[in-house]
Amino acid sequence: MGFFFQTNDGVGDGVNNTTKKISEGLTDIGAKLGQAFKDAIDPNKIMEVIIDVDDKTSEVIKKFGQGRAQIDNLKISMSDAVVEVTKLGGGFTEILEIQKSVSESVGRNLVLTTESYKDLFAIQQVLPGQSDALITGLKDVGISLYQSTSQVQKIMDRAREIGVSADKVGGQVAQNLDMMNKYTFQGGVDGLAKMAAQAVNMRINIRDVQGAIEKAFNPESAIDMAASLQRLGVAQSDLLDPLRLMDLAQNDPAELQNQIVEMSKQFTTLNEKGQFEIMPGAKRQMVEIETALGMTQGSLAKMALSSAELGDKMSKIRFSGNFTEEEKTMIANMSEMSAGGEYKMTLDGKSLNMEEAMQSISSMGEDERKSFFESQKPKDITELAKDQLSVSTAMAASLKTIESKTQYAFAGAKATSKVLKGAKEGSQKLADAFDDKNAGTTTTQIREQLNLTTNGLAESFAGGKLNFDVLTKTMKGFGEYVDGAFTKTFQNLNTIITDTFNFSTIKKDGVTDNTNKDVQPQSTHVEPVVKKAAKDMLKMPGQEVQLLPQDSIFAMTKGPEFLEKLNMLNQPMNSSSNGTVNENKNTHDITLTIKIDGGNLSETKVMEILNKTETLQALNKKLKETVTNNGLSV
């Protein structure tokens with residue numbers, strides 16, 4: 001059975017649409033939750049995070065001026081903080097910025113603890129725009145970064161316990177922290193925070209009264225100040241005693257400010273419109289008092305009006321029961337004068353006059369009253385940052401922590417760092433293999449060889465005629481260079497790959513050795529794999545002559561003179577005991593056929609080329625290998 005509300009103005013449709021959207025929203029949450037779990041174990045997502053963390057931590061290491069030895073420590077600290085920071089609405093990027101900011105502000109290669117990233121990010125969230133100045137200022141007055149969270153907590157406590165803006169109080173503390181190195185504040189940062197909270201409540205800045213503090217600090221100017229205030233009709237006793245002025249300036253500037261606030265009340269009045277104003281004739285007097293105190297012009301008037309308003313509230317609100325001074329101030333600051341001239345405050349969405357408001361507060365049970373005041377008091381900074389997140393942001397952050405946990409665990413693992421380090425070193429070695437002076441593959445050597453080849457080709461075709469000798473020499477030289485350089489390069493690559501990645505080696509007999517190098521570390525030599533020709537270039541008598549394309553560009557069939565010279569070169573000379581030379585001839589009948597594939601080359605030209613000494617020596621060597629079956633027979 002279902003219910004459907006229908007009205008003429010379409011309210012029923014609106015209810016149904018809202019219900020539908022809520023249902024779709026819940027379904028969407030389920031889908032996002034499933035996606036979060038999927039991304040948590042997705043190898044591609046994990047790899048993206050691993051690379052991102054390595055890239056960004058490398059940026060920090062550059063600022064440190066250090067090598068990768070420090071990077072593992074930094075990765076672990078930052079990666080472990082991701083989940084907690086993500087819960088507060090941040091992520092790895094924010095952690096990186098915190099680390100950079102801290103390194104720059106303290107000027108040291110300080111790697112923060114995992115917990116401190118969360119705390120410092122929380123400070124950024126609850127005091128946006130003030131956190132960096134606060135952290136730097138606290139460090140300048142001797143407070144450790146790891147203690148900054150507790151100090152900021154004190155600032156928040158002082159601000160919210162009297163109902164003033166924590167952001168403004170934090171800003172004033174940040175601007176004036178250098179005063180702590182000049183004067184003594186009761187309670188340290190807490191004393192400065194108390195002074196800042198009162199200044200915010202009075203709508204002034206601490207710096208407006210800093211001149212008075214400096215004048216009272218010096219004995220001579222303190223005496224002049226007390227005399228001037230007495231002459232101007234000031235009745236505040238603590239301001240008329242030079243010794244007291246000096247003591248307050250040196251040991252309790254917050255109380256000196258408070259005494260000035262109390263003094264300012266005497267110059268205000270409440271007019272018939274229910275507004276506070278400076279009394280007639282008192283404005284000139286206040287200007288002279290500001291001069292005597294060394295205060296900023298106009299600041300005393302703002303102080304007087306604010307203090308008069310607070311004093312009026314405190315006198316008119318009937319605080320029945322047991323209220324602390326902080327609770328009274330908080331209630332007074334939650335109220336404001338209405339157009340009718342009475343103070344009102346809002347409770348549970350209702351605007352109540354102060355009598356009604358106090359009755360409501362007084363009628364609260366113990367737990368309800370405690371809850372009311374606790375709601376106005378500061379919370380732990382981390383909890384406050386989390387509590388201030390919107391619903392949508394908090395939900396997104398919760399889902400993000402699911403996938404972040406696994407991804408950043410991999411990114412921070414030492415095993416991952418070892419793999420990345422190995423890949424980096426391996427790639428560098430591979431690059432070095434292609435830049436080897438011994439192999440002739442440096443940029444300079446390649447350029448020089450190309451220049452030689454280009455010049456040789458140009459000379460070969462100079463004057464529009466082909467110089468076959470030069471062309472042959474040029475191409476032979478280039479071929480020898482390429483063969484030598486790249487053969488050496490690939491031998492180097494084979495060794496590097498095997499040594500770096502622990503691949504199996506190939507033995508001479510073609511059997512793969514699968515023995516792990518870690519088990520037998522002595523087996524480090526890698527035998528290069530040599531590809532043997534399938535057939536000999538020259539055959540014995542009675543067999544068909546077969547040449548491989550890569551072995552020669554010529555095939556011969558004729559040339560008695562050529563063969564005669566080959567035979568002469570092939571005759572080793574042995575000296576006998578009587579000084580005569582004995583010839584030891586090893587005769588083989590070989591029939592060669594010359595086949596010319598050279599286009600327009602004549603046989604005479606071919607014979608001229610073949611009769612060159614270097615050509616004869618090269619062919620003679622091959623002939624020996626053929627006759628002796630590559631040295632296997634005699």
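Five helices, α7 (148-161), α9 (189-201), α13, α15 (299-316) and α16 (325-333), each put at least two residues into the lining of the second largest pocket. Helices here are DSSP runs of H or I with at least four residues, strands are E runs of at least two, and both are numbered from the N terminus. The biggest contributor to this lining is α9, with seven residues. The pocket holds about 610 Å³ of space, and of its 26 lining residues, Ile-162, Lys-194, Gln-198, Asn-258 and Thr-329 sit closest to the centre. A pocket, for the record, is an open set of points on a 1 Å grid over the protein atoms alone, where a 1.4 Å probe fits and there is protein on both sides within 12 Å along at least five of seven lines; lining residues have an atom within 4 Å of a point. Grid points are joined across faces, edges and corners, and the volume is the space filled by probe spheres set on them.

A word on the model itself. It is predicted, so local features need pLDDT of at least 70 and side-chain atom pairs count only at pLDDT 80 or more, while totals for chains, interfaces and linings use all residues. Residues are numbered from 1 along each chain as its sequence is written, and side-chain values use heavy atoms, with hydrogens and water left out.

Zooming out, the protein has 26 helices and 11 strands. Of its 634 residues, 37% are buried, meaning under 20% relative accessible area, as against over 50% for exposed and partly exposed in between (1.4 Å probe, protein chains only). Among contacts (heavy atoms within 4.5 Å) with a separation of 6 or more, 62% are between residues 24 or more positions apart.

Back to α9, this time for Asp-190, which is in that helix. Leaving aside neighbours within four places in sequence, Asp-190 is in contact with Lys-154 and Arg-158. Its C-alpha is also 9.9 Å from that of Val-173, 17 residues apart in sequence. Over in α8 (residues 166-176) you'll find Gln-172, a buried residue at 8% relative accessible area. Beyond four places in sequence, Gln-172 is in contact with Ala-196, Ala-199, Val-200, Ile-204, Asn-205 and Ile-206. Arg-203 isn't a glycine, yet has a positive phi of about 60 degrees, and is partly exposed at 47%.

Next stop, α12 (residues 242-251), where Leu-245, Met-246, Leu-248 and Ala-249 are buried. They share one side of α12, because they cover an arc of only 165 degrees around the axis, taken from the directions from the helix axis to the C-beta atoms. An α-helix has 3.6 residues a turn, so residues three or four places apart point the same way. The buried residues of α12 pack against α10 (206-217), α11 (219-231) and α13 (253-264). At the start of α12, a side-chain oxygen of Asp-241 comes to within 3.1 Å of the backbone nitrogen of Leu-243.

Which side chain does Gln-259 join through a polar contact? That of Gln-236, at 3.0 Å. A polar contact is a pair of N or O atoms within 3.5 Å; within protein, one must be able to donate a hydrogen and the other to accept it, and residues adjacent in sequence count only if both atoms are side-chain atoms. Outside four places in sequence, Gln-259 is in contact with Gln-236, Asp-238, Leu-239 and Leu-248.

Helix α17 (residues 354-362) has its own buried set: Met-354, Ala-357, Met-358 and Ile-361. Their arc is only 95 degrees around the axis, which puts them on the same side of α17. The N-terminal end of α17 is capped by Asn-353, with a side-chain oxygen 3.2 Å from the backbone nitrogen of Glu-355.
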